[in-house]
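This report describes a protein model, beginning with a term used throughout.

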Amino acid sequence: MEEWGEDSGNPELTEKQKKEIAKWFLTNAPAGEIQYIAKDVRLLIEDDRLYNMAAAEAFPLYNKAHLIALEMPDRSGDVIISSFGEIGKDNFFDPRTAQVATVDHMKQVCTKVRPASDEELPSAYVEEFRIGRFTLDAELCKYVADTYPKGTCAVYCTRGKDVDGPGVGFDFAVVISASRTSPQNFCNGSWRSIWTLEFKDDLQVVEVKGKMQVVAHYFEEGNVQLDAKNECRDSTLFQSPEDCAVSISNIIRHHEAENMASLEESYLHLPDTTFKDLRRKLPVTRTLFPWQNTLQFSLTRDISRELGIGK
């Protein structure tokens with residue numbers, strides 16, 4: 001095979017270009033598949049130094065974007081790799097256990113943990129709203145356990161962590177992450193949602209803004225990817241920690257359930273809408289596509305089975 005270079009009339013890629021291409025492939029890997037992509041990229045680039053440079057930049061970006069959860073070495077729980085909990089290089093704060101975890105981004109493992117310092121922890125007043133037996137973290141843990149079989153969540157204080165009493169507002173960020181990988185069945189996917197909570201003491205209101213994302217990759221006999229995003233806004237009264245926890249968790253539960261219902265509704269109409277738009281009505285074979293019986297194709301058959309359509 002003719003090599004790509006000056007002899008073939010094409011300029012050879014510079015090291016910087018090769019690194020950026022490798023980085024692009026890694027950061028754009030589907031959910032749960034970056035390690036598979038990394039093996040192929042390493043083989044294609046044929047330069048371990050360039051690969052390691054690209055991977056060192058790509059893996060942290062990927063891990064934070066996908067909100068991956070890593071088990072801590074002491075088995076006290078999982079730490080979510082999120083920009084909200086990032087403390088310096090390779091260190092991430094876990095609010096529930098009040099620990100700081102050190103991670104190896106390329107291996108996607110947590111290597112050690114340490115107790116968080118007093119400077120890294122919110123004040124006792126703020127913690128009353130964030131974590132406790134009947135507060136926001138507890139309510140969200142119950143919700144996530146009921147809704148996402150392999151989900152995890154965390155509540156971070158993003159502004160006003162030193163507020164020590166009423167009169168001043170503060171902000172939280174709620175992160176929910178769940179993934180399901182089944183490469184042997186040619187299917188991987190994840191759910192990610194980020195909820196920003198503004199506790200406005202002067203207005204006695206809590207402003208809620210949510211961003212939800214569902215991604216899926218189905219690659220049996222083809223390559224189909226889903227990337228569905230949705231945003232919403234809501235609000236509730238600034239009440240006691242217990243009342244705020246219940247109302248905020250109900251808001252999150254409502255909007256996420258509504259988003260999932262809209263996705264399921266779109267699945268029901270896949271044969272009549274999306275699949276028809278993928279190709280022209282009369283192909284070059286001059287044979288009509290059997291829209292009335294799309295269940296013969298594996299993708300719609302599997303989606304229908306998962307949702308119980310037609311039962």
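A residue is called buried when its relative accessible area is under 20%, exposed when that area is over 50%, and partly exposed in between (1.4 Å probe, protein chains only). Glu221, with a relative accessible area of 74%, is therefore exposed.

The model is predicted: local features need pLDDT of at least 70, side-chain atom pairs count only at pLDDT 80 or more, and totals for chains, interfaces and linings use all residues. Residues are numbered from 1 along each chain as its sequence is written, and side-chain values use heavy atoms, with hydrogens and water left out.

**The chain as a whole**

pLDDT is the predictor's confidence in each residue, from 0 to 100. The protein chain has an average pLDDT of 88, and 83% of the residues score at least 70. Over residues 1–6 pLDDT stays under 50, and for this stretch the model has nine contacts beyond four places in sequence. Contact here means heavy atoms within 4.5 Å.

Eight helices and ten strands make up the secondary structure of the protein chain. Helices (H or I, at least four residues) and strands (E, at least two) are DSSP runs, numbered from the N terminus. The protein chain has 311 residues, of which 42% count as buried. Among contacts in the protein chain with a separation of 6 or more, 52% join residues 24 or more positions apart.

Two packed helices are described by the angle between their axes and the distance between the axes. Axes are lines fitted to C-alpha atoms, for helices over the stretch in contact, and angles run from 0 to 180 degrees between N-to-C directions.

| Helix pair | Angle | Axes |
|---|---|---|
| α1 and α2 | roughly 160° | within 9 Å |
| α2 and α3 | roughly 155° | within 10 Å |
| α1 and α3 | about 35° | 8 Å apart |

Angles under 35 degrees count as roughly parallel, over 145 as roughly antiparallel, 65 to 115 as roughly perpendicular and the rest as oblique.

The axes of helix α1 (residues 15–27) and α2 cross at roughly 160°, which makes α1 roughly antiparallel to α2. Their crossing is right-handed; a crossing is right-handed if the near helix is turned clockwise from the far one by less than a right angle, and left-handed if anticlockwise. Lys18, Ala22, Phe25 and Leu26 of α1 meet Ile34, Ile37, Ala38, Val41 and Ile45 of α2 in this contact. By class, the α1 and α2 contact has eight nonpolar residues, no polar and one charged. Ala, Val, Leu, Ile, Met, Phe, Trp, Tyr, Cys and Pro count as nonpolar, Asp, Glu, Lys and Arg as charged, and the others, Gly among them, as polar.

Helix α2 (residues 34–45) and helix α3 (residues 48–65) have axes that cross at roughly 155°, which makes α2 roughly antiparallel to α3. This crossing is also right-handed. On the α2 side the contact includes Ile34, Gln35 and Ala38, and on the α3 side Leu50, Phe59 and Tyr62 are among the residues involved. Eight nonpolar, two polar and two charged residues form the contact of α2 with α3.

Between α1 and α3 the angle is about 35°, and the crossing is right-handed. Among the residues in contact are Glu15, Lys18 and Lys19 of α1 and Arg49, Leu50 and Glu57 of α3. The contact of α1 with α3 has ten nonpolar, one polar and six charged residues.

**Two buried residues**

Cys244 belongs to helix α6 (residues 241–268) and is buried at a relative accessible area of 2%. Residues up to four places away in sequence aside, Cys244 touches Phe129, Phe199, Val206, Leu237, Phe238 and Gln239. Arg130 is 114 residues from Cys244 along the chain, and their C-alpha atoms are separated by 9.8 Å.

Tyr156 is part of strand β6 (residues 151–159) and counts as buried at 3% relative accessibility. Beyond four places in sequence, Tyr156 touches residues including Ile80, Phe93, Asp171 and Val175.

**Two residues with positive phi**

Most residues other than glycine have a negative phi. Asp90, which is not a glycine, has a positive phi of about 65°. Asp90 sits in the loop between β2 (78–80) and β3 (91–94) and is partly exposed at 24% relative accessibility. Glu221, also not a glycine, has a positive phi of about 60° and lies in the loop between β9 (205–218) and β10 (224–237).
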